[in-house]
Amino acid sequence: MTMRPHAPHLSELRRRTSIKWRAYPDDVVPMFVAEMDFELAPVVADAMIDQIRASDVGYSGGAGAVGEAFAGFAQRRWAWDVAPTDIRLTTDVSVVIVEALRVAISPGDRVIITPPVYPPFFELIPEAGGQVCEVPLRCDEDRTWSLDLDGIGRELAAGARAVLLCHPHNPLGLIHPADDLVALAELAATHGAMVISDEIHAPLVHPGREFTPFLATGDIARQVGIAAHSASKGFNIAGAKCALMIAASDTTRATLDRQPEEVGVRTSIIGRAGTAAGFAKGDDWLDATLEVLVGNLDLLSGWLEAELPEVTLHRPAASYLAWLDFRATGLGDDPAAAILEKGRVALHSGPAFGRAGTGFARLNVGCSPELLRAGLAGIQRAVR
């Protein structure tokens, strides 16, 4: 019998010390940062506790069991054949991005991002020595979002040296179609550029949706691409500090070989244990969690339709993040600010995701239905 993921009572959650529960006063419902409220999968918690009880908390020194565990997970979930030896570890996906870019570009090179997109992307590129080059997603009249491949091609032709891809895309929960990924790989290869694919939300692809990892699209992608993966979102262990960087060609392996040894040594051995356990033995817990998240998105969608039809939900195909269009509400360019002030609910500010986020906000449904309803009531107070 599968254990349904449990979110503790609000009074217990408020005793947690993560940023989600310490950034705002206790009268605010926190629904901003990408962190779930559910208790850890028992197999993950047990693995990390066992690591500590064994007094085995030294330097990690390699991928350990993560290579085989992730290879199995990738095959089961996405039919992707990954060689365990192609997996290297570091602390988190942001570090994967920075350290991959450091060895893939030269100082001052332009790196393409596709707003609205994960806000740290705007900072990670300068940290790696590059310059941000924005090619916003296309949004058609039917509210369908997609990569602007023509725009990306123009910027690559003009000298951009890398593309920082978000797949599934945060904040939209958008899964880029395989054909678009193939076209992106071909563009990068034509112009001698690299693609760094942040796939941190891939374990959270919703039932019935198909996800194709960038490196699984063919030889061209493997020649130009480096993928970033982690158990941090799917198994809710962001603070455990373990992420995967995957290179699947001689070219990209040689690129990563230029990184300092310290990039890998900084990985948490405790996070490594939890990561291996999640990918190897956490499927049942993850599937049950996805059922709860989809149920919460159903709740959100139905509630908006009935109570706040002027707010439009972009329904994600992956993740527990909901991208909400408040432009018809009169709450201004940054509706999250008004909702925090008037409704005492903390959402993630839309403009932080780039100019394309003006009038939007991101809401986290990785919580109990009861807490979600409390947050929605606060949003309603602010709008009305």
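Predicted model: local features only at pLDDT ≥ 70, side-chain atom pairs only at ≥ 80, totals over all residues.
Start with helix H10, which covers residues 250-257. Which of its residues are buried? They are Thr252, Thr255 and Leu256.

What covers the buried residues of H10? Both helices and strands take part. Among the helices are H5 (93-104) and H9 (219-224). The strands include S2 (87-90), S8 (194-198), S9 (225-229) and S10 (243-246).

Next comes a sheet. Strands of a sheet pair through backbone hydrogen bonds, either parallel or antiparallel. The sheet here is open and has 4 strands. Follow them in the order S11-S12-S15-S14. The pairing is antiparallel. Which strands form the edges? They are S11 (312-314) and S14 (348-349), and each of them pairs on one side only.

Zoom in on one pair of this sheet. S11 runs antiparallel to S12 (residues 321-325), and 3 bridges link the two strands. Here His314 stands opposite Trp323 of S12.

Now turn to the backbone itself. Most residues other than glycine have a negative phi, and most peptide bonds are trans. The following spots depart from that pattern.

Take the peptide bonds. The bond from Pro115 to Pro116 is cis, with omega near 0°. Where is Pro116? Find it in the loop between strand S3 (110-113) and helix H6 (121-127). Another cis bond joins Asn170 to Pro171, with omega about 25°. Pro171 belongs to the loop between strand S7 (162-166) and helix H8 (178-190).

Then take phi. Ala79 is not a glycine, but its phi is positive, near 55°. This alanine lies in the loop between helix H4 (66-78) and S2. Is Ala79 buried or exposed? Its relative accessibility is 59%, so Ala79 counts as exposed. Recall that S2 is also among the elements covering the buried residues of H10.

Arg143 has a positive phi too, about 65°, and is not a glycine either. Look for Arg143 in the loop between strand S5 (138-139) and strand S6 (145-146). With a relative accessible area of 44%, Arg143 is partly exposed.

Notes
Residues numbered from 1 in each chain as written. Heavy atoms only, no water. Buried < 20%, exposed > 50% of the residue type's maximum accessible area, 1.4 Å probe, protein only. Contact = heavy atoms within 4.5 Å. Pairing = 2+ DSSP bridges.
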